[in-house]
Amino acid sequence: MREVLLGIVAMLLVGALVAPAAAHSLDEVDAMLGDKEKYFQPIDKPGPDFALQTADGRAVGRADLRGKVVVLHFIYTSCPDVCPLHAEKIAGVQKLVNATPMKDRVTFVTVTTDPTNDTAAVMRDYGPTHGLDPANWLFLTARTGDPEDTTRKLAEQFGHKFQRTADGYQMHGIVTHVIDQEGNWKANFHGLNFDDVNFVTFVNALTNGTSRPHGHAEKKWWDFF
C-alpha cells in the first residue's frame, strides 16, 4: 500500500518539479521560490543559540543538531486553533522528506512556548496525535529550573512573539524556520499555505550543499520516488 501511495505522490509531483529539477544551487532555488512561493522568506544569518530538553530530560542544544538540516517551529499544545494545524502541516512535509534518503539528514523540531502546562506526558502524546514521526522529530521544552518564558524569548529571537493573554492563551503568528547543517538560519516559510513541494525543494538544496556545478550527476530528492 505504501508503494502505491508513493507512486501516486510521484505522479502528482512530476509537473511541479520540472522547474526545481533545473536548479543547481541554493541561490537558484532561492530565486525560483521567490518567484513562485509567496510565503517564502530567504534569510542568511547565524541561527539563535538555545539550550532546551526533551520530554525525557535529555539536553538538546543547537550544537547537538549540527550536521542536520533543521525544520523548527513553535507551538503550545493547548492552542485551540492554528497550532494543531501547524503541526499537521509539518507532518505532511516530514512524510515527503522521510520517503527519500533525506530522512537521515533532516531533523524536525517542535518547541513548546508553554513549558509549565506542556508536561512530559503531554509532549509524548502530541507527536503521534498529529502524525509526526519520532524517527527524526524532537519536541523540546525549557530545561528544569529555567525561567518559564525561556522558549517564548527564543521565539522572539526567531522574529515572532507568543504573547500571553489574560485567559491563558497566546497570541502568535505561524512561521516555520529552516536552519542549515552549520546552524545558519536560511529561511522562513510563513503561515500554513506554503506549497509542501516548494518547502521540500528548499530543504533538498540545503541537504545537497549550497552550491553544485551545472550538470552535477548527484540525484535529487524527486529522483527517488
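User: Which residues touch the most other members of the largest nonpolar core?

Analyst: In this predicted model, Val178, Phe189 and Phe202 touch the most other members of that core, which holds 53 residues. Helix 4 (residues 82-98) gives the most to the core, with seven residues.

User: What does phenylalanine 202 touch, not counting residues up to four places away in sequence?

Analyst: Phenylalanine 202 touches Leu26, Val29, Asp30, Leu33, Phe40, Val178, Lys186, Ala187 and Phe189.

User: Why is tyrosine 126 called buried?

Analyst: Buried means under 20% relative accessible area. Tyrosine 126 has 6% relative accessibility, so it counts as buried. Phenylalanine 139 is buried too, with a relative accessible area of 6%.

User: Why is the pair of phenylalanine 189 and phenylalanine 202 called edge-to-face?

Analyst: Ring centres must lie within 6.5 Å to pair, and planes over 60 degrees apart count as edge-to-face. Here the centres are 6.1 Å apart and the planes are at 65°, so the pair is edge-to-face. The pair joins strand 10 (residues 184-190), which holds phenylalanine 189, to helix 7 (residues 196-207), which holds phenylalanine 202; the two residues are 13 apart. Both phenylalanine 189 and phenylalanine 202 are buried. They also belong to one aromatic cluster with Phe40, Phe194 and Phe199.

User: How do you know that the charged end of lysine 89 sits over the ring of phenylalanine 194?

Analyst: The distance cut-off is 6 Å from NZ to the ring centre, and an angle limit of 35 degrees from the ring normal applies as well. The charged end of lysine 89 is 4.6 Å from the centre of the phenylalanine 194 ring and is classed as sitting over it.

Technical notes
Residues are numbered from 1 along each chain as its sequence is written. This is a predicted model: local features need pLDDT of at least 70, side-chain atom pairs count only at pLDDT 80 or more; totals for chains, interfaces and linings use all residues. Side-chain values use heavy atoms; hydrogens and water are left out. A nonpolar core is a set of buried Ala, Val, Leu, Ile, Met, Phe, Trp, Tyr and Cys residues joined through side-chain atoms within 4.5 Å. Buried means under 20% relative accessible area, exposed over 50%, partly exposed in between (1.4 Å probe, protein chains only). Helices (H or I, at least four residues) and strands (E, at least two) are DSSP runs, numbered from the N terminus. Contact means heavy atoms within 4.5 Å. Rings of Phe, Tyr and Trp (its six-membered ring) pair if their centres lie within 6.5 Å; planes under 30 degrees apart count as stacked, over 60 as edge-to-face and the rest as tilted.
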